[in-house]
Amino acid sequence: MAFNDLLLRTLNGEKTDRPPIWLMRQAGRYMKEYRDVRSKVSFLELCKTPELACEVVLQPIDAFGLDCAILFSDILVPIEPMGVNLDFKPAPYISNPVRTLADAERMRLVDPKTELKFVMDAIKLMISKLNVPLIGFSGAPFTLACYMIEGEGSKSFLEVKKLMHNNTKAYTTLMEKLTDNTISYLQAQVDCGCPVVQMFDTWAGLVSTYEYKEFIFPYVQRVAESVKGAHFIYFAKDSSSFYPMIKKLNCAALGVDWKTSLKQADAALEHKFVLQGNMDPALLFADKDTITKYANIILEEGKSLKGHIFNLGHGIMPQTPVENVKHLVDIVKGV
Ligand code: CP3
């Protein structure tokens, strides 16, 4: 089958007949094929075994005919060699969180080509099997710092805000290292052949605009400006109040969550970016007519953009009915 380059053409600014579609977290527990593989190995083993990671990457491509694949791993995989004890239960858990300057200073710079060789091997294997582009990814420095400081997910990430303000040196030491590591990790993925990389900033929306400006955005900017040779997508959840800053970012595309309409985002971002999004993942629990209705609203708004990549506004949920995923993809593809 011919290589499907719809995503790449959209990112290059070409007008296409329809937007490409992929879904954040498209490989995962809502698919029986994934659960079957996962029943035999732990999540981290799955991430560290290129043949198995490749198998689960192909599952949603084969089942739904999506226009691109995303590397199977987790944003937290590359922080393990920095010096934290990482576990998934299945939610992430770190038993030795970063709470002091000494903790931050102990964190290591990682050589991705050797210490994360299993990711590079997985990427090469995936690319050899796919006839769609493979998106590489990383967490953004702040979102990674959230897990490293808090030790687990949280509603308020109070430990993060405490460290940011009460021990700024510890916070910036950690953020600088995470930024260096993120750049070398994404660059290594590009060097292995990923034509697109996405950086996930899931928790950026937890801070004020002032804090985003001082404590988060400069690091995002440094990553976006340093990674060469691929299209860069930045996805920050709940970030519309930061758009006056984000519009200065040097990148190809921005992910938009479901709260802001694509048109609102495009106006605030002054039509500078290809936009990716933005159906509420909860809509995949609705009946097919409702899914069709909202997909059409998003498709229509997408036509006025510089370019549109259809996606959800956040990751697909584990209980999502598979037939609704198929229905959504068919609508976007016009079949
Ligand atoms: O999109 C894909 O198909 C690629 C794989 C991928 C995973 N995680 C696999 C995964 C990607 C891109 C991620 C990103 C990720 N991981 C983010 C950013 C995106 C987002 O959703 O906000 C974040 C914050 C994480 C951290 C993380 N990893 C959490 C909170 C969890 C637990 C989720 C839950 O619902 O329990 C994970 C584990 C994880 N990462 C799973 C998968 C398939 C489930 C693990 C399992 O099979 O048990």
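Is Asn 131 buried or partly exposed? At 22% relative accessibility, Asn 131 counts as partly exposed. Here buried means under 20% relative accessible area, exposed over 50%, and partly exposed in between, with a 1.4 Å probe and protein chains only.

## Basis of the report

The structure is a predicted model, in which local features need pLDDT of at least 70 and side-chain atom pairs count only at pLDDT 80 or more, while totals for chains, interfaces and linings use all residues. Residues are numbered from 1 along each chain as its sequence is written, and side-chain values use heavy atoms, with hydrogens and water left out.

Asn 131 sits in the loop between helix H8 (117-129) and strand E4 (134-139). Helices (H or I, at least four residues) and strands (E, at least two) are DSSP runs, numbered from the N terminus.

Met 1 is 130 residues from Asn 131 along the chain, and the C-alpha atoms of the two are separated by 7.1 Å. Leaving aside residues up to four places away in sequence, Asn 131 touches Met 1, Ala 2, Phe 3 and Asn 4. Contact means heavy atoms within 4.5 Å.

## Salt bridges

Side chains of opposite charge can pair when their charged atoms come close. A salt bridge is counted when a side-chain nitrogen of Lys or Arg is within 4 Å of a carboxyl oxygen of Asp or Glu. The model has 18 salt bridges by this rule.

One of them joins the side chains of Arg 108 and Glu 115, at 2.9 Å from N to O. Arg 108 is partly exposed at 38% relative accessibility, and Glu 115 is partly exposed at 29%.

## Pairs between separate loops

Asp 238 and Lys 259 form a salt bridge through their side chains, at 3.2 Å from N to O. Asp 238 lies in the loop between strand E6 (231-236) and helix H13 (243-246), and Lys 259 in the loop between strand E7 (253-255) and helix H14 (262-268), so the pair ties together parts that are 21 residues apart in sequence. Asp 238 counts as partly exposed at 31% relative accessibility, whereas Lys 259 is exposed, with a relative accessible area of 60%.

The side chains of Lys 247 and Glu 270 also meet in a salt bridge, at 3.1 Å from N to O. This pair links distant parts of the chain, 23 residues apart: Lys 247 is in the loop between H13 and E7, and Glu 270 is in the loop between H14 and strand E8 (274-279). Glu 270 is partly exposed, with a relative accessible area of 46%.
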